[in-house]
Amino acid sequence: MESDGGSDAYEIRQKIETLKASKNDIERQISALDAQLQRINNNENNHIKTKEKVNSNDSSSSLTLENNGSFDFGHGLASDMIYRYSRQLLLPSFGVQGQANLLKSSVLVIGAGGLGSPALLYLAACGVGRIGIVDHDVVELNNLHRQIIHGEAYIGRSKVESAAAACRAINSTVEIVELKEAFRTTNALDIVRKYDIVIDATDNVPSRYMINDCCVVLGKPLISGAALGLEGQLTVYNYNGGPCYRCLFPTPPPTTACQRCADSGVLGVVPGVIGCLQALEAIKVASYVGEPLSGRMLLFDALAGRLRIVKIRGRSLQCEACGENEALTEEQFREIDYEIFTQTSLSTVPLKLNLLPVGSRISSKEYRERVVKGEVHVLVDVRPAHHYKIVSLPKSINIPLPSLEARLPEITSALVNKDDSKNASIDSNVSLYVICRRGNDSQRAVQYLHKMGFSSAKDIIGGLESWAHDVDPNFPTY
Ligand SMILES: [Zn+2]
């Protein structure tokens, strides 16, 4: 008798899902209770203001005992704080004063992703007084290789909620402010106003300009970091008369030069390195220790294992944000449309082109039906070769879009080989389909193929993502 392995596995998976849901719920409750307890403790500490002098013969002693039984040593650090931060207090250049400054400071981290994750962990651990976290995204499985503040239990839940819980778990004495919203000109000023220092941990050009301008308007130092692929960079803008982002980049880069991790890839540890350095710069600015990286830029090349610091230009008098004559006002800031200015969308939803007539496109479901019916066809996959190696549909030919022109003869011979009538024309009866990751490059390819006489070429709408979504849920996405 055969055992019913399929249904056993199904039941086990169901049980795991149910248990995971209960686990998430319990963690959410713990996190909320932690925050509640934190608020109660803070209120109690604020109320205990009356201090009793220690029963001592030396009436001039500054050592006092608070009503809650802890000593005040004149620098504001209670016993448990002295122990917690002792390794930092032991640094002569940092010491008690650096720590006291840090405890009084507030840092806003915009983006709880690859850069924000390590930055937040270190800021919470080292004792920044108040940390704000802005993000409107949820945790996804493909974030976890680099966004190390989030764990599997938080997949599908708010990044802010996840990051806040992790920060509180490390250091319950730090105040964590959760801002589960998108950072836009409508809320930017109200949010940034409440903090001393801003960390830009976003990954797109419109946000960079918006955050820069907001910091200039409100006079806040901006710790800016970026990481893509195997390279990263870091600098401090708008600090002590130094330049702002617009001083260096008065006009946005061409949209073709703007890449995101979702398209170009990134090795997880690269934003990790830059995020740690952003925390370090924020700590230096907040504690008034060291020489913040203003007027200089750090460049990190992970493959070569090289860190370089280059001098960058100083503040520009003509800068449209911080220049002498054109200092930006709050009203002007609210009016700027950063998506129009940079020609780039703030949304992370990928662009969906619509370049072809309906007759030159088929859905992934329709393509599947044609394959099942045994339709003789050629499928060209125009993604880059390293994408094709990750996953591909059976019997597809990989011809990356940039090499399409040079490799047209391969398509012709594939069509001819499949054509029983051995019709040597590119206009044979054999169907020609083109696919890519999301259905944009495949349309560009079909446009070109039509121009070159392959009039039957059709694009598969939505590419492999729609195949995975609508036809085969087990087909991997990336
Ligand atoms: Zn400027």
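**Entry 1**

Five strands form an open sheet, and they run in the order β12-β16-β15-β13-β14 with parallel pairing. I noted that β12 (361-362) and β14 (396-398) are the edge strands; each has a single partner strand, so one side of each is left without a neighbour in the sheet.

I then examined one pairing. Strand β13 (residues 377-381) pairs with β14 in the parallel sense over three bridges. For Leu379, I found that the bridge partner in β14 is Ser396.

**Entry 2: helices on the sheet**

Next I asked which strands helix α16 touches. Helix α16 (residues 408-418) packs on the sheet and touches β13, β14 and β15 (431-435). I recorded an angle of about 155° between the direction of α16 and that of β13.

Helix α17 (residues 441-451) also packs on the sheet, where I found it touching β15 and β16 (458-460). The direction of α17 makes about 175° with that of β16.

**Entry 3: a pair of helices**

I turned to helix α14 (residues 364-372) and helix α18 (residues 463-471), which pack with their axes 9 Å apart at an angle of about 75°. Angles of 65 to 115 degrees count as roughly perpendicular, and α14 is therefore roughly perpendicular to α18.

I listed the residues that meet: Ser364, Lys365 and Arg368 from α14, and Ser466, Trp467, Asp470 and Val471 from α18. By class, this contact comprises two nonpolar, two polar and three charged residues.

**Entry 4: a covered helix**

Is helix α5 (residues 116-126) mostly covered or mostly uncovered? I found it mostly covered, with nine of its 11 residues buried. Among the buried residues of α5 are Gly116, Pro118, Leu120, Leu123 and Cys126. After α5 comes Gly127, and I noted that its phi is positive, near 95°.

**Entry 5: the whole chain and its confidence**

I counted 18 helices and 16 strands in the secondary structure of the protein. Of its 478 residues, 33% are buried. Among contacts between residues at least 6 apart in sequence, 66% join residues at least 24 apart.

Finally, I checked the confidence. The mean pLDDT is 90, and 89% of the residues reach 70 or more. Over residues 48-62, however, pLDDT stays under 50. For this stretch the model has 17 contacts beyond four places in sequence. Where pLDDT is low, the predicted coordinates should not be read in detail.

Methods:
Residues are numbered from 1 along each chain as its sequence is written. This is a predicted model: local features need pLDDT of at least 70, side-chain atom pairs count only at pLDDT 80 or more; totals for chains, interfaces and linings use all residues. Axes are lines fitted to C-alpha atoms, for helices over the stretch in contact, and angles run from 0 to 180 degrees between N-to-C directions. Helices (H or I, at least four residues) and strands (E, at least two) are DSSP runs, numbered from the N terminus. Angles under 35 degrees count as roughly parallel, over 145 as roughly antiparallel, 65 to 115 as roughly perpendicular and the rest as oblique. Two residues are in contact if their C-beta atoms, placed from the backbone, lie within 7 Å. Ala, Val, Leu, Ile, Met, Phe, Trp, Tyr, Cys and Pro count as nonpolar, Asp, Glu, Lys and Arg as charged, and the others, Gly among them, as polar. pLDDT is the predictor's confidence in each residue, from 0 to 100. A residue is buried if 20 or more other C-beta atoms lie within 10 Å of its own, exposed if 12 or fewer, and partly exposed in between; C-beta atoms are placed from the backbone. Two strands pair if DSSP finds at least two bridges between them.
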